[in-house]
Amino acid sequence: MGTRISAEKSKCIGAGLCTIAAEHFDLDGSGKVVVLQEGDVEAGDLSLVSDAVSMCPAEALHLNQH
Amino acid sequence: MTTDTLPSIDWMSEDFQTDVARACEAIAPYQTGSGLVRSSRGIEIVNYDLALKIVRDPKFSLAMPARLRTIGITDGAAAHSFMNFLFSREGADHLRARRACTPWFTASGAEKLRQQTREWVEQWMDENRSNYGDLDFLAKVSNRLPSTLFCLMIGAPFSDAEFIQHMSEELMLLTAPPMPGNAERIEDAAAKTRAYLLDQAEKRRQDPGDDLLSHMVRVRDTGEIDDDDVLAVVFNALVGSTDTTSSQICLNLEALAANPDQWELLKKEPSLVSNAVMELVRYNPGAWSVQRSPYEPMEFEGLYITPEDTLFPCVFAGNNDASVYPDPRKLDITRELGSSPLNFGTGRHGCLGRMITLMEQEEVLLAAAKKWKSFSVVDSNFSGKMFSTTPTSFRLSVVPESE
């Protein structure tokens, strides 16, 4: 079982809190979220990515287990 | 390049102490090129892209030591509280505290407060109908709302709202131009606020509720966070709770009063309110600038800067940067903003109360659009220009909709 990030770009307000997980999130030229890595989040990154997802004030990010 | 080679502005001149419109006109020539100017207070960042870049950059702090030093605060409750601030923290210390409080500051957290906010604003507007000829909007609504909402958020009695409002105003002097006496006022307010919040935390521990402070205390009692973490959040939230939102609420109305076509459009189409608020905060920001300092000496845009340097990303300038927002001094509540206005920052230290203040501003406009036919500004005064403004008076003359 793995965990993947999904982003609802339409909800993104460009708050950029997610960039605390700098390996996984950035903001594009229009200030909206970009998910930097496809595929499963590595176990070692999961805690920080989970924080980034939960701290999004727009609730635009999700972690999905599959 | 050194700061001496930068063009200079006088932030205390009339150009920058009148209103946002005049300040934008004065700064416009400097927004192309490097976007850097110098002033007696530090290095001014005057275009959108550079301001956004520095606000996001983890190599820069919010310059808390520099702010405290400028005002003459070196120790005591104020120094401790502001260095413990959520926005003064980095890394694990920052994450631990911010993670603990997050559910209250998300979009859905703000939505839970919307109905109560709406009821209060409509009730206060109705209660003051007899004063509509000369309505002290600052006292009756715009100071009252965020401070009362803060009481709700921490489970405190609503009768504490005036104390919250006063403390917020006093503590926000840290972001104001340094004046004699400010250090003593900030120290007094910090000591009182700290004592108040610790007392409220103990009350919530004895009699917990479904509020932010009860939640933080519960988490503290598990050992996951400590008292300093609790204070880092609630002290930060209190400081930013009232003064900033109150100022923006007043400025929003001032802009709509000066642009009656936009007011009429909002009345006709209240569904535009979310976009209207974002356009209004862009057009007439309460916070004219924020502060940053580098953690380490570094080269920045060709300048060598050190932790002794204070940089001022100018929100008013970036928000009115014509390369990002065409015809920026035109208020257009239907404007497709694209890039987010700079008011709330971005990155790890983005405004904690962003979703809540936006909700409050929306509800004030919705209530006004519903209950007022038209209005004009009788008196309007804000202190703190070029820093974070504080409304010192804001009175309206209102023509109500017929009941």
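## Salt bridges, to start

A salt bridge here is a side-chain nitrogen of Lys or Arg within 4 Å of a carboxyl oxygen of Asp or Glu. B:Arg96 and B:Asp93 make one, with their closest N and O atoms 3.1 Å apart. The two sit 3 residues apart in helix α6 of chain B, so about one helical turn separates them (helices are DSSP runs of H or I of at least four residues, strands are E runs of at least two, both numbered from the N terminus). B:Arg96 is partly exposed at 23% relative accessible area, and B:Asp93 is partly exposed at 40% (buried is under 20%, exposed over 50%, partly exposed in between, with a 1.4 Å probe and protein chains only).

## What you're looking at

This is a predicted model, where local features need pLDDT of at least 70 and side-chain atom pairs count only at pLDDT 80 or more, while totals for chains, interfaces and linings use all residues. Residues are numbered from 1 along each chain as its sequence is written, chains are lettered from A and ligands numbered from 1 in the order written, and side-chain values use heavy atoms, leaving out hydrogens and water.

## Where B meets A

On chain B, 18 residues are in contact with 19 of chain A (contact means heavy atoms within 4.5 Å). About 1400 Å² is buried between the two chains, 53% of it from carbon and sulfur atoms; that is the accessible area (1.4 Å probe) lost on putting the parts together, summed over both. B:Arg56, B:Leu95 and B:Arg354 supply 30% of what chain B buries against chain A, more than any other three residues.

How many salt bridges are counted between chain B and chain A? There are 2. B:Arg99 pairs with A:Asp51 at 2.7 Å, N to O. A:Asp26 and B:Arg56 also meet at 2.7 Å, N to O. A:Asp26 lies in strand β2 of chain A and B:Arg56 in helix α3 of chain B, so this pair joins two chains. A:Asp26 is partly exposed at 28% relative accessibility, as is B:Arg56 at 26%.

## Other bridges in chain B

Over all chains, the salt bridge count comes to 34. One of them links B:Glu308 and B:Arg69 at 3.8 Å, N to O. B:Glu308 is in the loop between β7 and β8, and B:Arg69 is in helix α4, so the pair ties together parts 239 residues apart in sequence. B:Glu308 is exposed at 58%, whereas B:Arg69 is partly exposed at 45%.

There's a network of salt bridges too, linking B:Glu111, B:Arg114, B:Arg118, B:Glu362 and B:Glu363.
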